[in-house]
Amino acid sequence: MTTLTDRYVHATVRSVPESRRDEIAAELRSSIDDMVAGRVETGEDTESAERAVLTDLGEPGRLASQYTGEKLQLIGPRYFLVWKRITIKLMIWVPALIAVVSAGSAWINGDGGDAIGGFIAGLLSGIVHVGFWTTLAFAILERANVDSGIPEWTVDRLPSVPRKRDIPVAEPVAAIVWFVVVGVFLVLATSVAWFEVDGGGKEVLLDSGLWSGWLPLILLSLAVSIALEVVKLVTGHWTWALAIGNLAASSLFVVAAGWPAVQRELLNPDLVASFGWEADAYRYASIGITVGVAAALLYSVIDGFVSAARRSRTAVESVEPVR
Amino acid sequence: MTWNDTLPTHLQELRRGTAVVASLAALRSPGHGYRLLQTLGDAGINVDANTLYPLLRRLEDQGLLTSEWDTTESRPRKVYRTSADGEQMLDALLTDLEAVRTAIATLTDRGIS
């Protein structure tokens, strides 16, 4: 009959090198027997003494690792920081690259839906691959007792201290992209005819007459907005001047785009005629969209003033001595 | 973190390494593993069995202990003894321990000079 001790010793030596198994098994068994005997002498019965001793010794795998010096962590402190740095670096661009490539090949072989599916599948498999292979490589490095050749840390590798910014970089960048898209759309929508109408032929979406009226003003407001966003990107802070400039540019946009919209002069009249809309519905839709755009811009204007106010307040506080 | 939480951690840090010194010192008179465990415990050095047995194995591999199987009693036991190399190692460790003790004593008396 195998005893608990037999099973414990077996479980322990199973994960030590074969050449040492018998030796360690004999040692361990004799030590366990001594400890059990010691407990029995104090009046404990053999069975519960055996259980207590083995419980104290703990999980066999852990004990075996003490004998062999096997590492109980996948990646230890020596390589953890390098592993983390490399994993983050790779995670930033490798999955995106694989996603774009697989979306591209799916697009060529199929349609837009396939491309989206290919993008998501590529992204996920990229994340899994980067995570798995870097971790595997470092886990092996951790166990192989070799010089990894990873350069030692030096003071020259210290990063420069980032300037304190209230506005995250992504915010002005996204805004600039958006303004450029809107501007390009407006120019194309007033000049290129791609809207098919019932009678055959194509029409432009917006009234090309805008070129001699409101459109230059709209484009001017977008240009000013882009300039303001560039200032935000560089300085990283809202200021009163920026907030006022934002108010001016937003007001100009709302007037220059909203007025013709409300007057129903924005869309190409020939195109509208081909739709056969009811006059009231068209007017209310125009007003609704104008109000919506104005509200969104109002929010951004208020945000600008609130942020500028907060900044000027903290700037004052930081000068005053702490009481 | 309360005092009661941090104390065991600091004590563990402080005691790390003393098991080696204590074992090398105690095994100048030969003994088997379980007896060493008891001797150390009686002397106030509490080492877990699952730390001590692998430690003896390592010290033997490093040549600091020698061992032989004692088969005179009913059960065979492995008896360890501090080797000549072990004695040298013990001397070096005790010298350092003494240096640490002196340094701490000086700092306790004087504080930052």
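Let us start with one residue, B:Arg77: leaving aside its neighbours within four places in sequence, B:Arg77 is in contact with A:Ser30, A:Asp34, B:His32, B:Glu68, B:Trp69 and B:Asp70. Here contact means heavy atoms within 4.5 Å. This is a predicted model, in which local features need pLDDT of at least 70 and side-chain atom pairs count only at pLDDT 80 or more, while totals for chains, interfaces and linings use all residues. Residues are numbered from 1 along each chain as its sequence is written, chains are lettered from A and ligands numbered from 1 in the order in which they are written, and side-chain values use heavy atoms, with hydrogens and water left out.

Where does B:Arg77 sit in chain B? B:Arg77 is found in strand β3 of chain B; strands (E, at least two residues) and helices (H or I, at least four) are DSSP runs, numbered from the N terminus. B:Arg77 counts as buried because its relative accessibility is 16%. The cut-offs are under 20% relative accessible area for buried, over 50% for exposed, and in between for partly exposed (1.4 Å probe, protein chains only).

The side chain of B:Arg77 also makes a polar contact with the side chain of A:Asp34, at 2.8 Å. A polar contact is a pair of N or O atoms within 3.5 Å; within protein, one must be able to donate a hydrogen and the other to accept it, and residues adjacent in sequence count only if both atoms are side-chain atoms. Within chain B, B:Arg77 forms a salt bridge with B:Glu73, with the closest N and O atoms 3.3 Å apart. For a salt bridge, a side-chain nitrogen of Lys or Arg must lie within 4 Å of a carboxyl oxygen of Asp or Glu. B:Glu73 has 47% relative accessibility, so B:Glu73 counts as partly exposed.

Now step back to the whole interface. The size of an interface is often given as the accessible area lost when the parts come together. Chain B and chain A bury about 1,500 Å² between them, 51% of it on carbon and sulfur atoms; buried area (1.4 Å probe) is summed over both parts. Chain B brings 17 residues to the contact and chain A brings 18 residues.

How many salt bridges link chain B and chain A? The count is six. One of the salt bridges in the model joins the side chains of A:Asp34 and B:Arg75, at 3.1 Å from N to O. On the side of chain B that touches chain A, α3 (33-42), α4 (49-61) and β3 (77-82) each supply at least two residues. The most come from α4(B), with eight residues.

Finally, look inside chain A. A:Arg39 forms a salt bridge with A:Glu44, the closest N and O atoms being 3.1 Å apart, and A:Asp56 forms one with A:Arg39 at 3.7 Å. Why does the second pair tie together parts that are 17 residues apart in sequence? Because A:Asp56 lies in helix α3 (residues 46-57) of chain A and A:Arg39 in helix α2 (residues 18-41) of chain A. A:Asp56 is exposed, with a relative accessible area of 55%, whereas A:Arg39 counts as partly exposed at 28% relative accessibility.

Technical notes:
Buried area = accessible area lost by both parts, 1.4 Å probe.
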